[in-house]
Every structure is written in C-alpha cells, then in structure tokens.
Amino acid sequence: MEQLPCLLLLLPLLSGPLAHAGALKSRIIGGHEAAPHSRPYMAALKMSGDFSCGGFLVAPDWVMSAAHCMGPITVILGAHNIHEPEGSQQVLGVESYHVHPAYDPLMVSNDIMLLKLTAKAKLNKYVQLIPLPKSSNDIPTDTKCSLAGWGLIDKERTSNRLFETNVTIYSRRKCLNVYPQLNDGMICAGSFHHLKDSSQGDSGGPLVCNGVVQGIVSFGNSFPPGVYTRIGNYLQWIKKIIG
C-alpha cells in the first residue's frame, strides 16, 4: 500500500496512487472535541483551496509544522472554531519559510518546517508556547501522547472545532515491520487495540507527550501506527534557525 505524506486513516483513497500532501487532510477518528482553548499552542495553517495543516507555536514569532505543508500560509492562533471570528484569534502572515535542507518528499524524510511570523504573537491564556524536547533521546515505548487538529473526523464530516485523541508510542522494532524506511528522525504512534482510536490530527500538528511536543504529524498507511517527525532529532537545526 502506498504511503501518503500526511496521516490518513480508514480512507479508501489510500489504496490508490500516491497523492500530493496538499490534496488531502488528516483526521481525528474516534476522538472528541477538545475543551475550548485547552491547547493554546495550536496553530491552524490556512492554505490555498480547501487544504489546511496544523502547527504549533514554539516561540512568539515561530511556528513549527511539517515540511510537506509548504505553501502560501496564513497562521491562525488562539482558535477553537476556525470558521468563526473568535475574539481570541490572532491572524498572522509568514515572513519566511524554513524547510529542513534534507527534506525528501518521496520518502517523507526530515519532514519538518519552521515558519517565521510577520509579527510576534501576543501571549495570553488563548495563545501560548509549547516546550520543545530538552534532549535528542528517543521517546520510550508505550508513552501516552495526544494529538489535536481541525481535520476530518469521519469519512465525510469535517470539524470547524478542535478535536483531540490519544495515542501510544510504538517500539521501533514493531514500527520497522510496517515502515522499513524508519530512521532516527521518525517515530511511530497509534492505538494497539482500536483502529478508530489510532487517529490523526491535521498534518503538521503536534504529538504531545507529558506536556512536551515530541513529534509532528507526518505520514501513514490506512492502519496504525502512523509516523511522526521526531523533533528531538532536529534540536541543533531548530536552534540554528530560531537563534
């Protein structure tokens, strides 16, 4: 089965040829609506057409996302319902795009991007930063993590509101059985028991484990686990770009 450059589950399109990331959304299946503004680090990346990605605020003027989300982007911070003009929202442009120099769109490797915003976000209870990993150590197997996004929540229904779900980190040995190309810049997560729970937020959104963003939604097959960019592998590059 072909792998797509975004995490999609239970979608018949996955049985077809490789699709461009910009043509499809990821989704949360079997998740639930998040408490409004309970994830103030979330960023909605509005792009051309109907495609959008997720992202997250790592500095007042920097958002992190997946490299395959590259395109003309407008960033919305502080949102719960992205189709309503909420007073909590801050809408910012992107001054510069920083895709990892080794990003490989065919293998979806080094799938990480930093966006320099045109202005610093105003940090408040609706808009906050999320901590990055302090080390490059791998995430222990069976660690409980969570995802959130505004993508599809079932085969035909989209959500304007932020949805969330929980996943668990897979061992590299088990993940290599599904993704032989797995490398140090990737990590797997999903549900061991329920396909509907191994669901994904928007591409580019955060994989959060114990209050720290450890991964970026990257790609997957039509069954768990999915693959995430492992942020700890890119700390030196991140520091070089952000300063």
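Okay, hi everyone. Some ground rules before we look around. The model is predicted, so to speak: local features need pLDDT of at least 70, side-chain atom pairs count only at pLDDT 80 or more, and totals for chains, interfaces and linings use all residues. Residues are numbered from 1 along each chain as its sequence is written, and side-chain values use heavy atoms, with hydrogens and water left out.

Let's start with the overall picture. The protein has two helices and 13 strands; these are DSSP runs numbered from the N terminus, with helices being H or I of at least four residues and strands E of at least two. Of its 243 residues, 57% count as buried. Buried means under 20% relative accessible area, exposed is over 50%, and partly exposed is in between, using a 1.4 Å probe and protein chains only.

Now, the middle of things. A nonpolar core here is a set of buried Ala, Val, Leu, Ile, Met, Phe, Trp, Tyr and Cys residues joined through side-chain atoms within 4.5 Å. The largest one has 45 residues, and Phe56, Val63, Met64, Val75, Leu77 and Ile238 have the most contacts inside it. Elements giving two or more residues to this core include strand 2 (42–46), strand 3 (52–59) and helix 2 (235–242). Which strand gives the largest share? That's strand 3, with five residues. Apart from this core lies another, of eleven residues, among them Ile139 and Tyr228.

Take Val63 as an example. Contact means heavy atoms within 4.5 Å. Leaving aside neighbours within four places in sequence, Val63 is in contact with residues including Ala43, Gly55, Val75 and Leu77.

Two strands pair if DSSP finds at least two bridges between them. Strand 2 runs antiparallel to strand 3, with five bridges, and antiparallel to strand 5, with four. Ala43 stands opposite Gly55 in strand 3 and opposite Leu77 in strand 5.

Next up, strand 12. Eight of its nine residues are buried. Strand 12 pairs antiparallel with strand 11 (residues 206–209) over four bridges, and Cys209 has Val212 as its bridge partner. Those two strands form a hairpin with two residues between them, and Asn210 in the turn has a positive phi of about 55°. On to strand 13 (residues 226–230): five bridges join it to strand 12, again antiparallel, with Phe219 opposite Val227. That hairpin goes through five residues.

Why did I mention phi? Most residues other than glycine have a negative phi. Asn110, in the loop between strand 6 and strand 7, has a positive one near 55°. Is Asn110 buried or exposed? It counts as buried, at 17% relative accessibility. Asp142 also has a positive phi, about 75°, but Asp142 is partly exposed, at 46%.

Last stop, a pocket: on a 1 Å grid over the protein atoms alone, an open set of points where a 1.4 Å probe fits, with protein on both sides within 12 Å along at least five of seven lines, and lining residues have an atom within 4 Å of a point. Cys209, Asn210 and Val212 are among its lining residues, and so is Ile139. That's it from me, thanks!
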